Number of protein chains: 2
Amino acid sequence: MGRVVAAMSMSLDGFVADEYDGVAELFGWYQNGEVEVPGADPRWVFHVTPASEGYLRPALTSAGALICGRRLFENTDGWGGRHPAGCPVFVVSHSVPGGWPREDSETSFYTDPIAALEAAQKTAGERVVSVSTPTLTQQYLDAGLLDEITVSLVPVLLGTGTSFFGDQVVAPIRLSDPRVIEGRGVTHLTYRVLR
Amino acid sequence: MGRVVAAMSMSLDGFVADEYDGVAELFGWYQNGEVEVPGADPRWVFHVTPASEGYLRPALTSAGALICGRRLFENTDGWGGRHPAGCPVFVVSHSVPGGWPREDSETSFYTDPIAALEAAQKTAGERVVSVSTPTLTQQYLDAGLLDEITVSLVPVLLGTGTSFFGDQVVAPIRLSDPRVIEGRGVTHLTYRVLR
């Protein structure tokens, strides 16, 4: 099976969104460079440094499924039905939002995070299952189901907001030394979860 | 005046000590290499990788004063009267602990963190003032008095403990891209605080 990878942009003090769910301070690196990296849909075009391209392009093309929580799904309006990585999206939610599922979108809904992961892995096959929500990352970490963590570490202190790792209960969890890519306004750190 | 630098070993989830004030998971890199780096006192000898030497040796030799809080001072037993960096120590504490100050130790006590910093800067001259306590780091950050942050980022998730940046109130605080040194069991990231 493909790897299960959690990837988020995070402030140096551990937040993946500010207290109003804003990500402007964290997502600058997606548009601060000269290399154009297209998403799966023409609506999504990134402009990154050559260094960040070395992280972003493989991340976008390797994903075979993406798992997210309801809040991210709502905040992005379901990515308009098509995620930048172009892969099917598995949303963990207590209920199915109005208007969904849609025939024109490979988006499905699960109440159980583990069932969502199993379905995503089946769809992804040998490709990566990308986890894009902190609470799910923590649950999969606690359950020993996460293979890799990429932190795109942004040089800012937000003081408060949504924590990437705040609700984890199993500890310590040891990681490998990271693969490091030094971008502009971001340092991409990719760790393997050790078991 | 010399730079005011906060330097701590921190887990990927933002903790500088576990819930019992333990640092075993975070300080492994001080003794996991083949290069001997002596502290100012023969009791302190570090064995680090060549990469970490590139961070540690200058950090030890550049410090002209060190500021810490009462808890770290107690936990290290006042470093036996002499800090590994060999510089005078300025302790911020509501009261002076029994047995202190000692004639054989350049350790002084202040109730006011800003007064402690001023005294440390006067002593350090052009040398670095090193801040070694999270709450003081946060206060100096909030007051705009911190020049640099070095995070020795350790690949572990502790889940809970003492947060490096937890009580900061002024935000966002933007930083430069870091100088990166990739060690073994640690990634040293040095940021300038932007104003």
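**Strands, helices and selected residues in a predicted model**

Colleague: In which strand is A:His47 found?

Modeller: This is a predicted model, as is to be kept in mind throughout. A:His47 is found in chain A, in the strand of residues 45–48, namely E4.

Colleague: Is A:His47 buried, partly exposed or exposed?

Modeller: Buried means under 20% relative accessible area and exposed means over 50%, with partly exposed in between. The relative accessible area of A:His47 is 28%, so this residue is partly exposed.

Colleague: Which residues of E4(A) lie on its covered face and which on its uncovered face?

Modeller: The covered face of E4(A) holds A:Phe46 and A:Val48. The uncovered face of E4(A) consists of A:Val45 and A:His47.

Colleague: With which side chain does the side chain of A:His47 make a polar contact?

Modeller: Leaving out residues up to four places away in sequence, A:His47 touches A:Trp29, A:Tyr30, A:Gln31, A:Asn32, A:Gly33, A:Val35 and A:Glu36. At 2.9 Å, the polar contact of the A:His47 side chain is with the side chain of A:Gln31.

Colleague: How far apart in space are A:His47 and A:Val37, C-alpha to C-alpha?

Modeller: In sequence, A:His47 and A:Val37 are ten residues apart. In space, their C-alpha to C-alpha distance is 6.1 Å.

Colleague: Is A:Pro84 buried or exposed?

Modeller: A:Pro84 has its place in the loop of chain A between helix H2 (70–75) and strand E6 (89–92). Not counting residues up to four places away in sequence, A:Pro84 touches A:Gly39, A:Ala40, A:Trp44, A:Phe46, A:Leu60 and A:Trp79. The relative accessibility of A:Pro84 is 8%, and A:Pro84 therefore counts as buried.

Colleague: What separation is found between the C-alpha atoms of A:Pro84 and A:Phe15?

Modeller: Along the chain, A:Pro84 and A:Phe15 are 69 residues apart. Their C-alpha atoms are separated by 22 Å.

Colleague: How is H3(A) oriented relative to H4(A)?

Modeller: The axes of helix H3 (residues 113–124) and helix H4 (residues 134–142) of chain A come within 11 Å and cross at roughly 85 degrees. Angles of 65 to 115 degrees count as roughly perpendicular. H3(A) is therefore, relative to H4(A), roughly perpendicular.

Colleague: How many nonpolar, polar and charged residues has the contact of H3(A) with H4(A)?

Modeller: H3(A) contributes A:Pro113, A:Ile114, A:Ala116 and A:Leu117 to the contact, while H4(A) contributes A:Leu136, A:Gln139 and A:Tyr140. By class, the residues of this contact are six nonpolar, one polar and no charged.

Colleague: Turning to chain B, which strands are at the edges of the open sheet of eight strands?

Modeller: The sheet has mixed pairing and the order E7-E6-E5-E8-E1-E9-E14-E13. An edge strand pairs on one side only, and in chain B the edge strands are E7 (107–110) and E13 (179–182).

Colleague: What is the bridge partner of B:Ile181 in E14(B)?

Modeller: E13(B) runs antiparallel to strand E14 (residues 187–192) of chain B, and four bridges join the two. In E14(B), the partner of B:Ile181 is B:His188.

Colleague: What angle does the direction of helix H1 of chain B make with that of E5(B)?

Modeller: Helix H1 (residues 50–62) packs on the sheet and touches E1, E5, E8, E9, E13 and E14 of chain B. The angle between its direction and that of E5(B) is about 90 degrees.

Colleague: What is the corresponding angle for helix H4 of chain B?

Modeller: Helix H4 (residues 134–142) packs on the sheet, touching E1, E5, E6, E8 and E9 of chain B. With the direction of E5(B), the direction of H4(B) makes about 110 degrees.

Colleague: Is B:Ser152 buried or exposed?

Modeller: B:Ser152 lies in strand E9 of chain B. Apart from neighbours within four places in sequence, its contacts include B:Met8, B:Trp29, B:Tyr55 and B:His188. With a relative accessible area of 2%, B:Ser152 is buried.

Terms used: Residues numbered from 1 in each chain as written. Chains lettered and ligands numbered in written order. Predicted model: local features only at pLDDT ≥ 70, side-chain atom pairs only at ≥ 80, totals over all residues. Heavy atoms only, no water. Pairing = 2+ DSSP bridges. Contact = heavy atoms within 4.5 Å. Axes fitted to C-alpha atoms, helices over the stretch in contact; angles between N-to-C directions. Buried < 20%, exposed > 50% of the residue type's maximum accessible area, 1.4 Å probe, protein only. Polar contact = N/O pair within 3.5 Å; in protein donor to acceptor, adjacent residues only side chain to side chain. Parallel < 35°, antiparallel > 145°, perpendicular 65-115°, else oblique. Nonpolar A, V, L, I, M, F, W, Y, C, P; charged D, E, K, R; others polar.
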